[in-house]
Amino acid sequence: EVERVFGKIGRAESATDPAPLTMIETVVRLKPRSAWRPGLDREALIAELDRRVRLPGLVNAWVQPIRARIEMQATGVRTALAVRLSGADLDQLAALAERVEAVLAELPGTRAAFAERSAAARYLELVPDRIALARHGLTMADFAEWVAGAIGGEPLAQAYVGRARYAVALRLPPEWRDSPERLAGLVLRTPSGTEPPLGRLARIAIVPGP
């Protein structure tokens, strides 16, 4: 019954796409119903596909592509129904989500229930010292702009290859961006003419986060 299958993994570079980087979308294009096996309907076909397409750690959510896109843009949720939990303690939220998953899975009519597992990550945190910035003639906006450009990267120009356009960005190399110690020793040229290291203008640390 399947004519063609194609898909994508990841997120489009668009502010209107709420999918996470782990999003996997697979589009199954079906043959005309006249080519299906006798007596096979849509529900039975989905059930058969669901049995065959089983990947460890993944749960299938079968939905029409355009409906999935509209619901995701409207709510950020990738399935027809969802329960949202909010709070300050990520570990507690993860435990509650797994309990909700277990309860919903036992309800009659539930095809599949899964809780998104929150994972911890490490973040580079820069907390500016406002007094130190003022002493060297720097504003918070100056500091934020420098951090955004040096660490995040700022597009400076565009390169054209045929009809394609590519942003040309400038930022510090990874061995500088990923090291709090090297960042702290990086010298900035300030409007006052001084050249203090970044470590004197901000507290730099690796912190855990969601």
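The legends below describe close-up views of a predicted model. Local features are given where pLDDT is at least 70 and side-chain atom pairs where pLDDT is 80 or more, whereas totals for chains, interfaces and linings use all residues. Residues are numbered from 1 along each chain as its sequence is written, and side-chain values use heavy atoms, with hydrogens and water left out.

**View 1. The largest nonpolar core.** This core has 16 residues, and those with the most contacts inside it are L126, F143, L183, L198 and L201. A nonpolar core is a set of buried Ala, Val, Leu, Ile, Met, Phe, Trp, Tyr and Cys residues joined through side-chain atoms within 4.5 Å, where buried means under 20% relative accessible area, exposed over 50%, and partly exposed in between (1.4 Å probe, protein chains only). Two or more residues each come from α4 (130-135), α5 (140-152) and β6 (202-209), with α5 giving the largest share, 4 residues; helices (H or I, at least four residues) and strands (E, at least two) are DSSP runs numbered from the N terminus.

**View 2. The surroundings of L183.** Not counting residues up to four places away in sequence, L183 touches L124, I151, L172, W176, R177, L198 and I204, a contact being heavy atoms within 4.5 Å.

**View 3. A threonine in a loop.** T190 lies in the loop between α7 (180-184) and β6, and it counts as buried because its relative accessibility is 6%. Leaving aside its neighbours within four places in sequence, T190 is in contact with H136, L138 and P196.

**View 4. Salt bridges.** A salt bridge is a side-chain nitrogen of Lys or Arg within 4 Å of a carboxyl oxygen of Asp or Glu, and by this rule the count comes to 8. One of them joins D50 and R54, with the closest N and O atoms 2.7 Å apart; D50 counts as buried at 18% relative accessibility, whereas R54 is exposed, with a relative accessible area of 51%.

**View 5. A salt bridge between two strands.** R203 pairs with E125 in a salt bridge whose closest N and O atoms are 3.6 Å apart. Because R203 lies in strand β6 and E125 in strand β3 (residues 121-128), the pair ties together parts that are 78 residues apart in sequence. R203 is partly exposed, with a relative accessible area of 46%, and E125 is also partly exposed, at 31%.

**View 6. A salt-bridge network.** Through salt bridges that share partners, E1, R37, E48 and R52 are joined into one network.
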